[in-house]
Amino acid sequence: MAKRLTLVLVVLAGLAISCATMTGAPSATPTVAGVLFQDDFSDPDSGWDRAQAEGSLTDYVDGAYRIYVTENDYDIWANPGRNFTDVSVEVEAAKAGGPDDNDLGVICRYQDTGNFYYGVISSDGFAGVIKVLDEEQSVISGDSLEYADAIRKGDATNTIRFDCVGESLTLFVNGTEVASALDAEWSDGDVGLVAGTYDTPGTDIYFDNFIVREP
């Protein structure tokens, strides 16, 4: 079973307010060996985007980070303003509202609004690795997003991990590998979070316990 990927980068490219790299963000101070950066979103001044625009909201809410998308075929992302090379990026994510036919995931090697990788899942059970190049989006883990049994559906919490090591890009959900790809376009960049809609608006995702580790 496969799932189509809606091309939404024409919309995304105009949302610099919600996805611009932060400047002056505090430097990461690892508190555990191998941890490069972590955030439990308890401090609303920890450096993530806080923005409201037509069709979107990104902000800290109740000790989590919220991405809310109110237009169809629309993706929103946020970055803490860091730079890493090889990383393992992990977050807990839960759907607070909206359709199960959505997308949510983790970014690595973010260059700018039109160039980055992300590992994505949906609340109805699909997963894949996406490359955004010159504002054009494509699935590079296969012909389309593929169904994955490891994804907990509906409003259940999923632990999403995206390993970006050399040219290997590997997506895990709840400890199980669900998609992978090889690509050498970029070797470093920012990390981040992403969520969006397909035909039905209203995707509302809460993220927590974001961790960037040495792979």
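The model is predicted: local features need pLDDT of at least 70, side-chain atom pairs count only at pLDDT 80 or more, and totals for chains, interfaces and linings use all residues. Residues are numbered from 1 along each chain as its sequence is written, and side-chain values use heavy atoms, with hydrogens and water left out.

**Exercise 1.** Determine which cysteines form a disulfide, and describe where they lie.

*Solution.* 
Step 1. A disulfide is a pair of cysteine sulfur atoms within 2.5 Å. The sulfur atoms of Cys108 and Cys164 are 2.0 Å apart, and the two residues form a disulfide.
Step 2. Cys108 belongs to strand 8 (residues 102-112) and Cys164 to strand 13 (residues 158-165), so the bond ties together parts that are 56 residues apart in sequence. Strands (E, at least two residues) are DSSP runs, numbered from the N terminus.
Step 3. The torsion about the S-S bond of Cys108 and Cys164 is about -95°, so the disulfide is left-handed.
Step 4. Buried means under 20% relative accessible area, exposed over 50%, and partly exposed in between (1.4 Å probe, protein chains only). Cys108 is buried at 0% relative accessibility, and Cys164 is buried with a relative accessible area of 0%.

**Exercise 2.** Describe the salt bridge between Arg66 and Asp204.

*Solution.* 
Step 1. A salt bridge is a side-chain nitrogen of Lys or Arg within 4 Å of a carboxyl oxygen of Asp or Glu. A search of the whole structure finds eight salt bridges.
Step 2. In one of them, the side chains of Arg66 and Asp204 meet at 2.8 Å, N to O. This pair links distant parts of the chain, with Arg66 in strand 5 (residues 64-69) and Asp204 in strand 17 (residues 203-213), 138 residues apart.
Step 3. Arg66 counts as buried at 17% relative accessibility, and Asp204 counts as buried at 8%.

**Exercise 3.** Is Asp134 buried or exposed, and where does Asp134 lie?

*Solution.* 
Step 1. Asp134 lies in the loop between strand 10 (126-133) and strand 11 (136-139).
Step 2. With a relative accessible area of 58%, Asp134 is exposed.
Step 3. Phi of Asp134 is near 50°, a positive value in a residue other than glycine.

Definitions and conventions. Helices (H or I, at least four residues) and strands (E, at least two) are DSSP runs, numbered from the N terminus.
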